[in-house]
Amino acid sequence: MRAVIQRVRNASCTVSGKVTGSIAHGLLVYFCAEKDDTEDMLGRFFSKIVSLRIFEDENGKMNLSLSDIGGGMLLIS
């Protein structure tokens, strides 16, 4: 599995002129599964992404996770 992760204030995905998904503050994840990946690996992979401490706390330090801020995740394969 591979992913490119970007913090966003808002993001949306448009297909053929129609919005298929959108989020406010959170993570935009471009995701690629490979043929040997399993569902078990997928669960661990996304648990790690949700737990990444990449959002700033009240002191300006990157110390909060997606779960901590209650943000959204837009997943694009």
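Buried here means a relative accessible area under 20%. Keep that cut-off in mind for this predicted model: F31 comes in at 14%, so F31 counts as buried, and F46, at 15%, is buried too.

## The sheet

Let's start with the strands. Three of them make an open sheet in the order β1-β4-β7, and the pairing is mixed. The edges belong to β1 (2-8) and β7 (72-76); each has a single partner strand, so one side of each has no neighbour in the sheet. On average, neighbouring strands are turned by 20 degrees against each other, direction ignored.

Now for β1 and β4, the latter covering residues 26-32: they run antiparallel and pair over seven bridges. One of the residues to look at is V4, whose bridge partner in β4 is Y30.

## The helix across it

Helix α1 spans residues 39-51 and lies across β1, β4 and β7. Against β4, the helix runs at about 150 degrees.

## The aromatic cluster

Searching the whole structure turns up three aromatic pairs. Take F31 and F46: the ring centres are 5.3 Å apart and the planes sit at 45 degrees, so this pair is tilted. F31 belongs to strand β4 and F46 to helix α1, so the pair ties together parts that are 15 residues apart in sequence.

F46 also pairs with F45, this time edge-to-face, with 5.7 Å from centre to centre and 90 degrees between the planes. Put together, ring pairs link F31, F45 and F46 into a cluster.

Definitions and conventions: Residues are numbered from 1 along each chain as its sequence is written. This is a predicted model: local features need pLDDT of at least 70, side-chain atom pairs count only at pLDDT 80 or more; totals for chains, interfaces and linings use all residues. Side-chain values use heavy atoms; hydrogens and water are left out. Two strands pair if DSSP finds at least two bridges between them. Helices (H or I, at least four residues) and strands (E, at least two) are DSSP runs, numbered from the N terminus. Axes are lines fitted to C-alpha atoms, for helices over the stretch in contact, and angles run from 0 to 180 degrees between N-to-C directions. Contact means heavy atoms within 4.5 Å. Rings of Phe, Tyr and Trp (its six-membered ring) pair if their centres lie within 6.5 Å; planes under 30 degrees apart count as stacked, over 60 as edge-to-face and the rest as tilted. Buried means under 20% relative accessible area, exposed over 50%, partly exposed in between (1.4 Å probe, protein chains only).
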